[in-house]
Amino acid sequence: MLKNASIFLTTIGKAEKMRRFSQFFGKKLDNSNHKLSKVSAKDLNITTSETPEKFMHLKDEIVAFLIDKLQDINFLEREIFARSQKLKNPKEPNQVQPGETELWDEYAARYKELLTPIAFNPLVGGSNSFGNPAKYDYLSNPDTEIFFIMKSSNRAVVETRYKYGIGVVQKHQFVLKKEAENWKIESKKYGFENETTWYKDAI
């Protein structure tokens, strides 16, 4: 399915490799007939202990913005994955099938369209894969934790912590900054529970 499998595998990061490992060896999910519905930020478990009271009124606005946009990206990934499965030929598992190149091109274009208005650098480190489970499926997991950290009026940090595979807790960190009247994602990183190191990641 990939245009160039060797190049692809060297460009994905540690987190993406773990996600793809889970796709093959973890619990399989059938998204093909699943009716997609968004999770409301109000239903999430949000911790604000590191945020002064004077910034608390911005919590709902910023978290709702981020969660909504991440779910848009997630729905796109799930759609593209389901369509890619229909193009597969079990007799030629390692061959590019008719329509797959066009599907990758469509994915890249629609991904860019989603990211451009919400990120400062939408073309830096863009997603180069799709799979099952999708990257932000964890947002619908009731055990997922959200941490809202804001210490200045024009910058906020939202961290997510979620169970990943068996016995692994992974975390994402999104840094958001305000441009004019709009919030945008400046960067995204990932890390692991009980580690202080953060690694650059694609949104």
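What percentage of the contacts in the protein between residues at least 6 apart in sequence join residues at least 24 apart? The figure is 61%, where a contact means heavy atoms within 4.5 Å. Keep in mind that this is a predicted model, with local features needing pLDDT of at least 70 and side-chain atom pairs counting only at pLDDT 80 or more, while totals for chains, interfaces and linings use all residues. Residues are numbered from 1 along each chain as its sequence is written, and side-chain values use heavy atoms, with hydrogens and water left out.

## Overall layout

The protein has four helices and six strands, and along the sequence they follow the pattern α-α-β-α-α-β-β-β-β-β. Helices here are DSSP runs of H or I with at least four residues, strands are runs of E with at least two, and both are numbered from the N terminus. Of the 203 residues, 41% count as buried; buried means under 20% relative accessible area, exposed means over 50%, and partly exposed is in between, using a 1.4 Å probe and protein chains only.

Two strands pair if DSSP finds at least two bridges between them.

Let's walk through part of it. Strand 3 (residues 155-163) and strand 4 (residues 169-179) run antiparallel and are joined by nine bridges; Tyr162 has Gln170 in strand 4 as its bridge partner. Strand 4 also runs antiparallel to strand 5, this time with 10 bridges. The hairpin of strand 4 and strand 5 has two residues between the strands, and Ala180 takes a positive phi near 60° there. Strand 5 and strand 6 are antiparallel as well, over two bridges, with Lys189 opposite Lys200 in strand 6. Their hairpin has six residues between the strands, and in it Asn194 takes a positive phi near 70°.

## Salt bridges

A search of the whole structure turns up 14 salt bridges, each being a side-chain nitrogen of Lys or Arg within 4 Å of a carboxyl oxygen of Asp or Glu. Here are some of them:

| Pair | Closest N to O distance |
|---|---|
| Lys38 and Asp68 | 2.5 Å |
| Glu159 and Arg161 | 3.9 Å |

Take Lys38 and Asp68, which form a salt bridge. Lys38 sits in the loop between helix 2 (14-25) and strand 1, and Asp68 in helix 3, so the pair ties together parts 30 residues apart in sequence. Lys38 is partly exposed at 38% relative accessibility, and Asp68 is partly exposed at 27%.

With Glu79 in helix 3 and Arg110 in helix 4, the pair ties together parts 31 residues apart in sequence. Glu79 is partly exposed at 30%, and Arg110 is partly exposed at 27%.

As for Glu159 and Arg161, Glu159 is buried at 10% relative accessible area, whereas Arg161 is partly exposed at 31%. Salt bridges that share partners also join Lys38, Asp68, Lys69 and Asp72 into one network.

For charge, Lys and Arg count as positive and Asp and Glu as negative, while His and the chain ends are not counted. A polar contact is a pair of N or O atoms within 3.5 Å; within protein, one must be able to donate a hydrogen and the other to accept it, and residues adjacent in sequence count only if both atoms are side-chain atoms.

Lys171 belongs to strand 4, and its bridge partner in strand 5 is Gly191. Lys171 is buried but has no salt bridge, the nearest side chain of opposite charge being Glu159 at 5.9 Å. Its side chain does reach the backbone oxygen of Glu195 at 2.8 Å. Leaving aside residues up to four places away in sequence, Lys171 touches several others, among them Tyr162, Phe192 and Trp198.

Glu100 lies in helix 4 (residues 100-115). Glu100 is buried and lacks a salt bridge too, with Lys88 the nearest side chain of opposite charge at 5.4 Å. A polar atom of the Glu100 side chain lies 2.9 Å from the backbone nitrogen of Gln97.
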